[in-house]
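Hi,

Here is the structure I promised to pass on.

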Amino acid sequence: MLKIKFLLPALCLALASPAFADATVTIKNFDYSPMMLSISAGETVTWKNLDGEPHTVVSTDGRFRSKALDENDSFSFKFDKPGTYKYICSIHPKMVATVTVK
Amino acid sequence: MNDHSRRDALKCLGVGAGTLFTLSSGVFGAVDLADAATRRDIGTPLFVQISDTHIGFNKDANPDVIGTLNRSIDAVNALPHKPSFAIHTGDVTHLSKAAEFDTAAQVMKRMQVSDIHAVPGEHDVTDGPGTEFFNRFGKASRNRGYYSFSAQGVHFIALVNVMNFKAGGLGALGDDQMAWLTDNLASVSSSQPVVVFAHMPLWNIYEPWGWGTAESVQIAQLLRRFGSVTVLNGHIHQIVQKVEGNITFHTARSTAYPQPAAGNGPGPGPLKVPADQLPKMLGITNVTINRGHKISLSDRTLA
């Protein structure tokens with residue numbers, strides 16, 4: 001997929017869907033990484049939990065909410081509008097991160 | 001059966017883990033459950049507390065959480081004087097799935113109590129509104145989660161502190177629930193014993209891991225005038241106790257898996273221990289009351 005994206009960027013943009021991650025945030029040791037992610041409008045972010053403990057991805061303004069992600073589970077969300085989106089883990093609310101959409 | 005043989009029999013049955021809570025004139029006592037079974041001055045059964053059953057968890061820290069819940073229920077059913085009801089201080093399930101709730105309900109049916117009062121843990125409401133939890137346990141509170149009831153002269157208050165998280169914050173009750181709590185306590189006599197229970201600690205144990213409640217100071221303030229207050233929670237999967245005036249704060253063990261002590265490691269996740277150590281770190285809490293209104297807590301492990 002990466003290779004195709006490199007060769008045919010225009011086509012891939014057209015194919016962008018929630019299953020296609022423009023950026024990935026990993027969840028490991030009770031942290032989102034990267035904690036501050038910048039993307040462009042229309043891009044999709046996929047979160048993947050690598051901890052044995054479940055985590056969630058819940059925006060503080062209610063725009064998006066994952067179910068509980070067990071180990072190796074993923075959640076994707078497509079950001080259409082520019083802005084800064086803060087989110088937390090609703091199981092461990094000390095875990096806080098942001099996605100900035102330009 | 002004499003005292004000694006009964007005690008040995010209880011131990012042989014692997015009666016599980018527990019602390020017996022008794023309250024007398026606002027003074028707290030804790031005794032080993034096996035001892036409690038043999039003592040006549042311990043009071044009458046009030047209730048039993050189970051917590052953090054985490055049905056659905058299947059990782060290394062305990063691949064058989066149904067098995068350990070069953071052993072915990074055996075411990076309750078083996079009590080010589082059975083309490084009439086149980087409280088479950090949350091995290092019934094691991095991932096809030098309907099099938100996990102169904103399994104938990106099926107297993108807990110074996111517990112020989114007439115009623116189970118449950119408050120949600122954050123693992124029970126990961127869908128947001130807590131639909132699956134409230135479908136099963138919402139009736140007593142008309143789906144608010146917080147409510148009060150009386151039993152044997154004790155005023156019980158169930159609180160929800162896992163549905164109002166702010167980014168980076170502790171557990172919280174929120175304004176509506178705080179107003180309700182203030183109002184509810186206003187009509188209770190200071191001489192009446194009060195038992196308050198919630199999932200997350202209602203006192204701040206370790207803020208970097210969110211082990212506390214945002215309104216903990218105000219809650220303690222509201223409870224200070226009472227002669228006997230017992231504040232129970234789960235969430236941290238280990239026993240921590242504090243006595244502050246007439247208020248005893250006590251956290252319960254999980255029936256599923258232990259967690260590290262505060263600050264030990266990257267976060268409060270499942271703690272893998274050698275298989276022979278696990279039963280010593282899981283358990284239940286039994287609570288009794290005597291004529292002098294002394295409430296006693298008795299923790300007992302599954303070892």
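Between the two chains, 20 residues of chain A are in contact with 21 residues of chain B. On the side of chain A that touches chain B, the residues split into seven nonpolar, six polar and seven charged. Keep in mind that this is a predicted model.

Now to the strands of chain A. There's an open sheet of four strands, ordered β2-β1-β4-β6, with mixed pairing. The edge positions go to β2 (31-33) and β6 (74-79) of chain A; each has a single partner strand, so one side of each has no neighbour in the sheet. On average, neighbouring strands here are turned by 20° against each other, direction ignored. Within that sheet, β1 (residues 23-28) and β4 (residues 43-49) of chain A pair in the parallel sense over five bridges, and Thr26(A) sits opposite Lys48(A) in β4(A).

Chain A also has some antiparallel pairing. Strand β7 (residues 83-88) pairs with β5 (residues 58-59) over two bridges, with Val58(A) opposite Ile88(A) in β7(A). Six bridges connect β7(A) to β8 (residues 96-101) of chain A, again antiparallel; here Lys86(A) has Thr98(A) in β8(A) as its bridge partner.

Cheers

Notes
Residues are numbered from 1 along each chain as its sequence is written. Chains are lettered from A and ligands numbered from 1 in the order in which they are written. This is a predicted model: local features need pLDDT of at least 70, side-chain atom pairs count only at pLDDT 80 or more; totals for chains, interfaces and linings use all residues. Two strands pair if DSSP finds at least two bridges between them. Axes are lines fitted to C-alpha atoms, for helices over the stretch in contact, and angles run from 0 to 180 degrees between N-to-C directions. Two residues are in contact if their C-beta atoms, placed from the backbone, lie within 7 Å. Ala, Val, Leu, Ile, Met, Phe, Trp, Tyr, Cys and Pro count as nonpolar, Asp, Glu, Lys and Arg as charged, and the others, Gly among them, as polar.
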